[in-house]
Amino acid sequence: MSVAVDIHADRYLASIAGEPHVFHCHHYNCFLQKSITDQSALLDVKSLLTDAAAEVVYSELTHLNAQSDTAQVLFGQLGFGVLDASALTPQGGNATVKGSHYALGWLSKFGKSSAPVCFFNAGFIEAAARQKFGAAFKCVETACVANGAAACTYEVKPGGRPSLPASVGLGKLTDYAPRPAKATQTSVDESAIIQACGGLPLAGTAEGKIDAFGVALTRQYSNYYNLISYRFDQQMAAVAGEAATTAARMLLVEAGQVCAFHTFGGIMESAEWEGLIKPMIKTTEDWVYGMVSVVNALGWGRWSVAALEPGQRLELVVDGSYESNGYLAAFGSSTTPRCHLATGGTSGLMNLIYHANIMSRPALTPALYEKTFAEGRFFVAREVECRTMGAAACRFVAERL
Amino acid sequence: MSPSRRRQQLVGFKYRVGDSVEAEVRKSCRDELKILYAGGPFTREAWARLAALGEASVFEASKINAKMKDLIRVRGDGVRIEGALDGELVVAFFEERRRSEKRHLLESLLSRPAAAKIE
């Protein structure tokens, strides 16, 4: 049994029961989460991270009209591990997750944690209980593999928020303009790559793992990222003012850079890149096009190269970015750019290719990350136009510092 | 020292496998040992030998675009091997519990004389 994924090929998006999903690996998931949990002295980070998960998952399960084990199937299919919520009753109870993506990812990236880290899982389980029993529940992780426990265990109790805010689903969509001329000036066949990616095993295995591109992928909820990122921004501003919100946005952009360095880098060193993309590559610039083609299979919206000066400057246009779709629908318009992941992704992409020489297949270590984003004339990116500020599409420029 | 810490210390370690394959230990995204084997090309014959380690599956990407290579994946007990037909890279992931046994077996298959003929 699996849950159907709807591919919106014209918009480069994917959804399940109206809820958009995007691929991201544990580097982004854990770094983004850590950026937020590091501010626990200022914010109620547990609620921030858990509540958002409960909202988007509850919306999806409700629209799916989920039956007995749908939530468990979905959890594994999305790459989060193996969920056993079979012991839950209308009075609550305990649930477990084996092979938790967040716990194992945290251990791999940061080492042993001083506290449980699977906030997303707790929100997911809360939503599953709410949907199954039609009542309010609250879920807390009581033991976590990242914290040294043998298994991730969750306690579910009746209570919590009486109802959950509705998810914005696919968000505010828009029609896409024709792609820039530069977008297709390459020997890389993007449509073939997207088609091939669709044929890869992108659903979780029996162990709840997605084994593709050599990285630990999840098919995460776009609106989970959006809610935790933008609420983090809002709450930082509310408790600590302008300087704190600037710091929050810098952290969110850095999460995008971390994503690009490890996820894009990992993809460029994977067996799939070797077989599908590398044979089409003729120039260094084709590495940019190759990665943009893969991104266009991840459900992030449509990325297009608008200008590329080799080794100097990249301009990307992103139509229907999942960040802008979600922001516009949930928070309205903005006076500042909001596509932090894509901003970090743009600089990360250029740094990998023209600064870290990803073509030589270097080990993607923390030391190389530090060197790449701190030494020499590395690339920095900015979002120069954003849909949340009224633009038709989002536009990013990466240039050397 | 924990297995994962031991693995961490090995990241970047390179060694030869047979005459024409270079192995490099990499950090895996999960609790497993990841090794890149560069060399090849890894022909149909080489993949047939590697298939002894588990169940092989082929994704015929060349039917989508002739420039693409078919992707091959071998899944076995405690090991996952990925690469492309006639590609120059094999990526292997070893679970901790059978790490040594499976790695030695894989490397013996890669370095057999027939593999060394690696055109």
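Which side chains meet in a salt bridge at 2.8 Å, N to O? They are those of A:Glu55 and A:Arg231. The model is predicted. In this model, the rule finds one salt bridge across the interface of domain 1 and domain 2 of chain A.

The two domains of chain A are set out as follows. Domain 1 spans residues 6-158. Domain 2 is made of two segments, 181-206 and 226-400. Taken over C-alpha atoms, the domain centres lie 25 Å apart. Contact between them involves 27 residues of domain 1 of chain A and 34 residues of domain 2 of chain A. About 2,700 Å² is buried between the two domains. Carbon and sulfur atoms give 71% of that area. On the side of domain 1 of chain A, the residues that lose the most area to domain 2 are A:Tyr12, A:Phe23 and A:Tyr28. Together these three account for 25% of what that side buries.

Polar contacts were also counted between the domains of chain A. Six residue pairs are in polar contact, with both residues at pLDDT 80 or more. Several elements of domain 1 form the side that touches domain 2 of chain A. Strands β2 (13-16) and β3 (19-25) of chain A each supply at least two residues. Helices α1 (26-37), α2 (45-64) and α3 (70-77) of chain A each do likewise. The largest share, six residues, comes from α1(A).

Chain B contains an open sheet of seven strands. The strand order is β1-β2-β3-β7-β6-β5-β4, and the pairing is antiparallel. Strands β1 (14-17) and β4 (55-59) of chain B are the edge strands. Each of these pairs on one side only. From one strand to the next, the twist averages 20 degrees. Helix α3 of chain B, residues 99-110, packs on this sheet. The helix touches β1, β3 (32-42), β6 and β7 (87-95) of chain B. The direction of α3(B) makes about 5 degrees with that of β3(B).

Within the sheet, one strand pair can be followed in detail. Strand β5 of chain B covers residues 71-76, and strand β6 of chain B covers residues 79-84. The two pair in the antiparallel sense over six bridges. In this pairing, B:Gly76 stands opposite B:Val79 of β6(B).

Technical notes. Residues are numbered from 1 along each chain as its sequence is written. Chains are lettered from A and ligands numbered from 1 in the order in which they are written. This is a predicted model: local features need pLDDT of at least 70, side-chain atom pairs count only at pLDDT 80 or more; totals for chains, interfaces and linings use all residues. Side-chain values use heavy atoms; hydrogens and water are left out. Two strands pair if DSSP finds at least two bridges between them. Helices (H or I, at least four residues) and strands (E, at least two) are DSSP runs, numbered from the N terminus. Axes are lines fitted to C-alpha atoms, for helices over the stretch in contact, and angles run from 0 to 180 degrees between N-to-C directions. Contact means heavy atoms within 4.5 Å. Domain bounds come from an automatic or database domain assignment. Buried area is the accessible area (1.4 Å probe) that two parts lose on being put together, summed over both. A salt bridge is a side-chain nitrogen of Lys or Arg within 4 Å of a carboxyl oxygen of Asp or Glu. A polar contact is a pair of N or O atoms within 3.5 Å; within protein, one must be able to donate a hydrogen and the other to accept it, and residues adjacent in sequence count only if both atoms are side-chain atoms.
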